[in-house]
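Take a look first, then we'll go through it.

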Amino acid sequence: MTVRTDGGIGTERRDRQTLVWRATASTGVALVVLITVHMVAHHFVVQGTGGLRSYRQVLEYVANPVIFTIELLFLVVVTVHAMLGLRSVLFDLATGERARAWISRALVVLGVVTVAYGVTLIVTLASRA
Amino acid sequence: MSDAIDERRSRGPVQRKGLGPRPVGWLDPRGRTLGHLAFVGNRITGLGLVFYLYLHLAVLSLLIRGGEAWNDFLELATTTVFLLLDVLLLFGLLYHGLNGLRVTLVGTGYVPNRQKALWWAGAFVGTLVLALSAFRILGES
């Protein structure tokens, strides 16, 4: 059995898939850099307490404008990449157009909530330094 | 020949051929190639990392409650079991990151037809980094 659809819809879907693949790949490459910076700065340059920062150290670290910006960027990029990855897995489970549209909307909401919560967390901690 | 191509083009792209695998057929490891197993590994580590993202946000929320809550967590986080989970997390990050780079390099056409070589190169680099990091992490316990 072969199911074909209108050429116009197929092209639009293919363009969307290409856009999603490019977004996933580019955020993934950015994450390799950002996670390396995050891991090294957070855990591999700190002496004592198992490579973890104390409460005071975390506040001072996050309050640094460069680190603050990197952490915000990291939060946005990791959330976008995670939502696109989840979308890909969930689309395999739901092949219907309506179900996929709902999945996309739900993931946009989840992504926005995640970034909003993360930004609140970072800003609150930076303001306490 | 040209007519056949025009005729095929007029029918539009093939959206789905045959019944295809079940929705979670990608999890079935039977008769799969290295490329497919790498893809399955990428998805499993990806799902694990999404779970960790929210766990990480929940743990960092302890900072909002003040220094005492954070210091209590630090005591727990420096136990051997937690440090072993850190090594597992690092494995997930390295696998997902290096395999993702491989897929990107092949998919964008920068290094086409070198999937296997890139996979083994990633496995070598990943194992080396994981071993050094595990030594550093567990050496502190």
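Q: Which residues of helix 4 of chain A are buried?
A: This is a predicted model, where local features need pLDDT of at least 70, side-chain atom pairs count only at pLDDT 80 or more, and totals for chains, interfaces and linings use all residues. Residues are numbered from 1 along each chain as its sequence is written, with chains lettered from A and ligands numbered from 1 in the order in which they are written. Buried takes 20 or more other C-beta atoms, placed from the backbone, within 10 Å of a residue's own. In helix 4 of chain A, that picks out A:T114, A:G118 and A:L125.

Q: What covers those buried residues of helix 4 of chain A?
A: Helices here are DSSP runs of H or I with at least four residues, strands are E runs of at least two, and numbering starts at the N terminus. The cover comes from both chains, and it includes helix 2 (55–63) and helix 3 of chain A plus helix 2 of chain B.

Q: How far does helix 4 of chain A reach from its first C-alpha to its last?
A: Helix 4 of chain A covers residues 97–128, which is 32 residues.

Q: How do helix 3 of chain A and helix 2 of chain B lie to each other?
A: Their axes (lines fitted to C-alpha atoms over the stretch in contact, with angles from 0 to 180 degrees between N-to-C directions) come within 10 Å and cross at roughly 130 degrees. Under 35 degrees counts as roughly parallel, over 145 as roughly antiparallel, 65 to 115 as roughly perpendicular, and the rest as oblique. So helix 3 of chain A is oblique to helix 2 of chain B.

Q: Which residues of helix 2 of chain B make the contact with helix 3 of chain A?
A: A contact means C-beta atoms, placed from the backbone, within 7 Å. Helix 3 of chain A brings A:V78, A:A82, A:G85, A:L86 and A:V89. From helix 2 of chain B come B:R43, B:G46, B:L47, B:V50 and B:L53.

Q: In what order do the elements of chain B run?
A: Chain B has five helices and one strand. From the N terminus on, the order is α-β-α-α-α-α.

Q: How are helix 4 and helix 5 of chain B oriented to each other?
A: Helix 4 (residues 80–107) and helix 5 (residues 115–138) of chain B have axes 9 Å apart and pack at about 155 degrees. Helix 4 and helix 5 of chain B are therefore roughly antiparallel.

Key: Two residues are in contact if their C-beta atoms, placed from the backbone, lie within 7 Å. The expected span of a helix is 1.5 Å times one less than its number of residues. A residue is buried if 20 or more other C-beta atoms lie within 10 Å of its own, exposed if 12 or fewer, and partly exposed in between; C-beta atoms are placed from the backbone.
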